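Me: I want to learn how to read a protein structure. Please take me through it, feature by feature.

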Amino acid sequence: MMIKKIFILIVATVLMAALPANAKKPGQKVGLEFPELSYDFGTVNGGEGKYVVHEFTFDNTGDGAVAIISAIASCGCTRPEYTRKPVVPGKTGKVKVTFNTAGQKGEINKDIKLRLRAANGKSEQVTLRISGVVVPPAND
């Protein structure tokens, strides 16, 4: 019994030592940390001229500036706007997502794919998601 506990302790120690000290948190890409990668807007009444707007924020926790080089939504009903200038270490940027409910009904899942590029040339992709339920207007 004691040998088994010692063996488990040794294996756990070896595994912990093998992990990099600077392991990234989920959502952290090329030095950008997103506190949230998805937003559920709940249930909304849809229709012409009705929009859902959410702002995702991110912090540059890396060593150099990072820029969003593109933001592409999964459909034309979703429009991303984002910080255009590179975000330097210690600063915050944002991605504002506007979803047009016109012509939409039922469960909604829309993705926004961000391409990021760090000052060192490294690039990565982050996917943000908005979701919820759109109830169509009574006359639909």
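Reply: Start with one residue and its surroundings. Lys 110 is in contact (heavy atoms within 4.5 Å) with Ser 74, Cys 75, Cys 77, Thr 78, Phe 99, Gln 104, Leu 128, Arg 129 and Ile 130, leaving aside its neighbours within four places in sequence. This is a predicted model: local features need pLDDT of at least 70, side-chain atom pairs count only at pLDDT 80 or more, and totals for chains, interfaces and linings use all residues. Residues are numbered from 1 along each chain as its sequence is written, and side-chain values use heavy atoms, with hydrogens and water left out.

Me: Is Lys 110 buried or exposed?

Reply: Buried means under 20%, exposed over 50%, and partly exposed in between (1.4 Å probe, protein chains only). Lys 110 is buried. In the chain, 33% of the 140 residues count as buried.

Me: What is the nearest side chain of opposite charge to Lys 110?

Reply: Lys and Arg count as positive, Asp and Glu as negative; His and the chain ends are not counted. For Lys 110, that nearest side chain is Asp 111, 9.4 Å away. Lys 110 has no salt bridge. A salt bridge is a side-chain nitrogen of Lys or Arg within 4 Å of a carboxyl oxygen of Asp or Glu.

Me: How many salt bridges does the structure hold?

Reply: Side chains of opposite charge can pair when their charged atoms come close. This structure holds four salt bridges. One of them joins Lys 94 and Glu 55, at 3.7 Å from N to O. Lys 94 is in strand S7 and Glu 55 in strand S4, so this pair ties together parts 39 residues apart in sequence. Lys 94 is partly exposed at 40% relative accessibility, and Glu 55 is partly exposed at 38%.

Me: Please show me another one.

Reply: Glu 81 and Arg 79 meet in a salt bridge at 3.1 Å, N to O. Glu 81 is partly exposed, at 33%. Arg 79 is partly exposed too, at 47%. Glu 124 and Lys 122 also form a salt bridge, at 3.3 Å, N to O. Here Glu 124 counts as buried, at 19%, while Lys 122 is partly exposed, at 41%.

Me: Which residues touch the most other members of the largest nonpolar core?

Reply: In soluble globular proteins, nonpolar side chains tend to be buried together. A nonpolar core is a set of buried Ala, Val, Leu, Ile, Met, Phe, Trp, Tyr and Cys residues joined through side-chain atoms within 4.5 Å. The largest one here has 26 residues, and Val 95, Phe 99, Leu 114, Leu 116 and Leu 128 touch the most other members. Strands S3, S4, S5, S7, S8 and S9 each supply at least two residues of this core. S8 gives the largest share, five residues.

Me: How many aromatic pairs does the structure hold?

Reply: Rings of Phe, Tyr and Trp (its six-membered ring) pair if their centres lie within 6.5 Å. Planes under 30 degrees apart count as stacked, over 60 as edge-to-face and the rest as tilted. The structure holds two such pairs. Phe 34 and Phe 58 form a tilted one: 5.3 Å centre to centre, with 45 degrees between the planes. Phe 34 lies in the loop between strands S2 and S3, and Phe 58 in strand S4, so the pair ties together parts 24 residues apart in sequence. Phe 34 is buried, at 3% relative accessibility. Phe 58 is buried, at 1%. In the other pair, Phe 41 and Phe 99 have ring centres 5.7 Å apart and planes at 25 degrees, so the pair is stacked. Phe 41 is in strand S3 and Phe 99 in strand S7, 58 residues apart.

Me: Are Phe 41 and Phe 99 buried or exposed?

Reply: Both are buried. Phe 41 has a relative accessible area of 10%, and Phe 99 has 0%. Beyond residues up to four places away in sequence, Phe 99 touches several residues, including Phe 41, Tyr 51, Ile 108 and Lys 110. That brings us back to Lys 110, which has Phe 99 among its contacts.

How values were computed: Helices (H or I, at least four residues) and strands (E, at least two) are DSSP runs, numbered from the N terminus.
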